[in-house]
Amino acid sequence: MEEHETVNFMRLLSDESTQSTLSLDSCEYYQMEIFDQLPSIQASRPEQNKRGVLEACEDYQSGTEVEEKWSHGPLLKEPRRKRDKVSMQPLRNLAMCIQAKRDARDRRKMQISNIGFWESWRRSQSIARKRVWAQMGGALAGLLPWQHTLHAIEGRFGIGVKAYFVFLRYLIYLNLLHCALIWGFILGPTTFYGRSNSSEPLKFGANDSILDFFQGSGYLYRSPVFFGFYTRGSLNLPCLNTPLLYFAGILTILFLSLIMVTRRTIVGYKHTWLLGKRYSMNVSYKIFCGWDFTIQDSAAAVLKHSFIRNDLKLFLEEQSFSLREAERTLGQRMRLYLLRLVLNMLVLTLLSAAFCLIWFATGKSKDEHRHNWLVSLFLQYLPPITITFVNLFLPHVFHMILYFEDYSITTQVNTTLVRSIFLKLASLGIYLFFFITLAEHQKHECKENQFGREIYKLCIFNFLATFCSAFLLNYPRKLLQEKYPGSLLARLLGKQQFLIPLNVLDLVYSQTVTWVGVYYCPLLPLIGTVILMATFYIKKFTVLRCCTPEQRLFRASNSSVLFHFMLLLGLLMAAVILGFNLYQQEATPDNMSSCGPFRNSETVFNVTAVCVDSLPSLAQSTLRYLASEAFALPLILAEIIILTSYVSRGRANQKAIERLKEMLVMSSSDKRFLVKQHATMLRRKKNNLQRPL
């Protein structure tokens, strides 16, 4: 059996690095001279301050009083609090080499005898708490669902496709939170305290059929899915009753959604602002330092290879576009701007035609003539079919138009998102506006239930369109590519790619429909959660089985902000529609609700006024003052002061960031200068040694 020799990897030190003929005085003089010649010193300090710098350098070389003089001198004015905070950080979080971390650990051990028992105990407890929180955060991150799937998708298709699935998972969490709020405010009190005595018991009727689950009629129309099911029960206090709890639950859902989506948008914007156009990727770092040496699995190694390759492809794509854009002449730019103007006019024409088609289909669906069940079902679903067809067809047209506009890949994605979201939200708004105006001239038993039915049909048909698109279009297309790759149809269709903007728009549209209909269909968040979970697995099958990686990638950080901003627009649209309907009920007595919690001439404003009148006089006067115009002026002044402080802080942080970037640039210049001087010194020394005596 062959014995393996033990190999010790040691750093080999040459004689030139361990021995020197320079005396101590000449070394100090040389260090002072080099320090004076550093590019950062010459660029940032005037000539009259160089003497103080040299004195600080001499103190640094003396080695004994450096920390005290630099901490109180003009070169370093950081507070002691920040140094203590750094000293309590874990050693692995500090940007130091191994030897520096060992020295820092030894210094911390020596400080224990100087700072006292209680201070030492406080620091150790702080470090232990941070370590526990870090471990808990890592454990919770490992429990997130579909984590392995997201890593596999990122490795094969890039960070952009992964951003879509992360966005989809975030919407699932958001809808689960909505379900909990619906149970706590609406379903729970109705289950425990019951409904009014005049309410009919929920049971299947003779005319109920399976089609009711597609039309939102029959048994489903009378179920807790819709607004009309919820009535006043035994819980009938002035400030604690079914109408107030219903309205408070819907208001809480919209308010928490606003906070969460706004927070994600702001955090993403800060990340994009810091790492967007100001971020320059260091290619050498990606190539030589981007590997994770803790990887032991071959599959994980393949994924890491894919990550690095996709980053380099993205960087080269951006650099290629920047060079091509810089080489354009004035005539080429003028022709390009004229072409973009013509194409934008074409986009506006297509949008106008789509809106007219939706308006015509919505009016045709309200035909009162008698038809058989199949034609009646088709007419009821004619507006959702038209909206879905327009939303599927026009974004692909917009995507093809972008190839002629010659934008960068990230700008192409953002432009497609803006045009398509305007199409989707405007088409939904036109459909709802037509239905609201039509409901004013028609007498329905429960207008809120009718509105909820339309929203319910939009959700169901949107999911059916996603399912059919995956298994009736995408999968047969992939089979055709695999079995008959040389056929004419396969060559015409080409390889299928996962278009991120269009799929993100489907998610935004679906969530907007959920927010718009949650007041009229309280169980819509639960239905939306089931639909989104099914959509996750359908899209996973589509990506991994039917799609090929796209040749052109984009930075997910640049478009993730736009994802959440479009979600914020959808939430704003839902709030405007709900506010308009509630105001219309208050302003027009004929539009008051005849079913649900706000029946018998009750509105949100009447029920709220009864609750306020039952409160103590001090609480009444306080609430009335907060709702009056007198409170608006100090509120606006406070907002102006807060915004001014945040703007000032942002500008100060921006200046600090720019200053730190300049310091990093000068630091790299200093390193290059020192390396050059060191090489020159070694070359001179070698020449002196080779020179004959």
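The model is predicted: local features need pLDDT of at least 70, side-chain atom pairs count only at pLDDT 80 or more, and totals for chains, interfaces and linings use all residues. Residues are numbered from 1 along each chain as its sequence is written, and side-chain values use heavy atoms, with hydrogens and water left out. The protein chain has 27 helices and 0 strands. Helices (H or I, at least four residues) and strands (E, at least two) are DSSP runs, numbered from the N terminus.

**Overall build**

- Of the 693 residues in the protein chain, 37% are buried. Buried means under 20% relative accessible area, exposed over 50%, and partly exposed in between (1.4 Å probe, protein chains only).
- Take contacts between residues at least 6 apart in sequence: 76% of these join residues at least 24 apart. A contact means heavy atoms within 4.5 Å.
- The accessible surface of the protein chain is about 43100 Å², and carbon and sulfur atoms account for 63% of that. Areas come from the Shrake-Rupley method with a 1.4 Å probe; for residues, only the protein chains shown count as cover.

**Helix 22 and its surroundings**

- Helix 22 spans residues 500-517, 18 residues in total. Its first and last C-alpha atoms lie 26 Å apart, close to the 26 Å expected at 1.5 Å a residue. The expected span is 1.5 Å times one less than the number of residues.
- Helix 22 is largely enclosed by the rest of the structure, because 17 of its 18 residues are buried.
- Asparagine 462 is in helix 20. With 14% relative accessibility, asparagine 462 counts as buried.
- Leaving aside residues up to four places away in sequence, asparagine 462 touches Asp506, Tyr509 and Ser510.

**Salt bridges**

- The count is 5 salt bridges. The rule asks for a side-chain nitrogen of Lys or Arg within 4 Å of a carboxyl oxygen of Asp or Glu.
- Arginine 419 pairs with glutamate 405 at 2.9 Å, N to O. Arginine 419 sits in helix 19 (residues 409-440) and glutamate 405 in helix 18 (residues 382-405), so the bridge ties together parts 14 residues apart in sequence. Both arginine 419 and glutamate 405 are buried.
- Aspartate 506 and lysine 424 form a salt bridge at 3.1 Å, N to O. This pair links distant parts of the chain, 82 residues apart: aspartate 506 is in helix 22 and lysine 424 in helix 19. Lysine 424 is buried, at 2% relative accessibility.
- Arginine 545 bridges to glutamate 482, with the closest N and O atoms 2.8 Å apart. Arginine 545 belongs to helix 23 (residues 524-546) and glutamate 482 to helix 20 (residues 447-483), so parts 63 residues apart in sequence are tied together.

- An unreviewed UniProt entry lists "transmembrane region" stretches, including residues 166-186, 337-361 and 517-538. UniProt positions follow the numbering used here, feature names are shortened, and annotations may be inferred rather than shown by experiment.
- Residues 166-186 are 100% helix and 0% strand, with end C-alpha atoms 30 Å apart.
- Residues 517-538 are 73% helix and 0% strand, with end C-alpha atoms 24 Å apart.

**Nonpolar surface patch**

- Leu338, Leu341, Val342, Met345 and Leu348 make up a nonpolar surface patch with about 500 Å² of accessible area together. Patches use residues with over 30% relative accessible area and no salt bridge; like charges are joined within 9 Å, nonpolar side chains (Val, Leu, Ile, Met, Phe, Trp, Tyr) within 5 Å.
- Leucine 348 lies in helix 16 (residues 330-365). At 48% relative accessibility, leucine 348 counts as partly exposed.
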